[in-house]
Amino acid sequence: MTIDMIISPNFLNSIAQSYKITEDSQKSILSENKNYFFESGHTDINRNYDIFLSHSYLDKVHVLALVKLFNIHQFSVYVDWLEDNQLNREDVNVHTANLLRNRMKHSKCLSYLTTENITNSKWCPWEIGYFDGLKQSKCCILPVMEYGCKFNGQEYLGLYPYLEYASFAGVDAACDFYICNQNRTEFIKLRDWIKGSTKYYKGILV
């Protein structure tokens with residue numbers, strides 16, 4: 001399966017540059033992210049998130065830029081090394097799996113950030129498989145590629161819709177996150193999709 005991409009590394013680099021995001025920015029990003037999911041009475045382990053971001057740690061700066069962009073649009077995001085920095089990525093065990101299961105249980109959807117680095121991840125395929133079994137139809141693929149390139153993903157990724165950041169002529173001139181089918185002929189805003197809406201629009205993302 002192949003599609004033209006909207007979100008590129010250069011675009012995420014520009015977000016990182018605009019907001020002065022570096023590999024050392026995780027404390028400020030974490031503090032901002034928490035503002036979007038704080039709920040009275042919820043302990044840290046039971047916080048609710050809009051998005052569980054499945055990704056490769058090698059894409060750290062791009063992940064931080066994406067969290068910033070999601071926060072701008074008022075989405076809370078779970079990123080393991082942001083929220084649970086006590087985890088040792090070199091020593092993944094049953095405790096790690098149980099904690100991630102709990103975080104997925106308290107997330108409304110999963111976005112699978114696909115880059116060249118994710119092919120080396122052992123956990124990301126497990127995360128999307130587990131989440132799909134937990135909450136069917138609430139997984140989406142977020143490929144990040146250079147403009148003009150084609151995304152060639154593993155076959156199982158063809159089961160899921162795509163998440164893009166764009167404006168949609170005739171619906172909203174402002175950029176937003178949209179869920180789209182693989183042919184990019186039908187779209188729905190991410191926040192509406194999360195809420196369970198099935199009202200898709202037909203048109204062109206720009």
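**Exercises on cores and ring contacts**

Lys138 lies over the face of Trp193, at 4.8 Å from the ring centre; for such a placement, NZ of Lys or CZ of Arg must be within 6 Å of the ring centre and within 35 degrees of the ring normal. The model is predicted, so local features need pLDDT of at least 70 and side-chain atom pairs pLDDT 80 or more, while totals for chains, interfaces and linings use all residues. Residues are numbered from 1 along each chain, and side-chain values use heavy atoms, without hydrogens and water.

**Exercise 1.** State which residues have the most contacts inside the largest nonpolar core.

*Solution.*
Step 1. A nonpolar core joins buried Ala, Val, Leu, Ile, Met, Phe, Trp, Tyr and Cys residues through side-chain atoms within 4.5 Å, buried meaning under 20% relative accessible area, exposed over 50% and partly exposed in between (1.4 Å probe, protein chains only).
Step 2. The largest such core has 34 residues, and Phe70, Val79, Leu82, Leu163, Phe177, Leu190 and Trp193 have the most contacts inside it.

**Exercise 2.** Describe the aromatic pair of Trp126 and Tyr130.

*Solution.*
Step 1. Rings of Phe, Tyr and Trp (its six-membered ring) pair if their centres lie within 6.5 Å; planes under 30 degrees apart are stacked, over 60 edge-to-face, the rest tilted.
Step 2. The structure holds 10 aromatic pairs. In this one, the centres are 5.6 Å apart with 25° between the planes, and the pair is stacked.
Step 3. Trp126 is partly exposed at 26% relative accessibility, and Tyr130 is partly exposed at 28%.

**Exercise 3.** Name the cluster linked by ring pairs.

*Solution.* Its members are Phe11, Phe70, Phe75, Tyr165 and Phe177.
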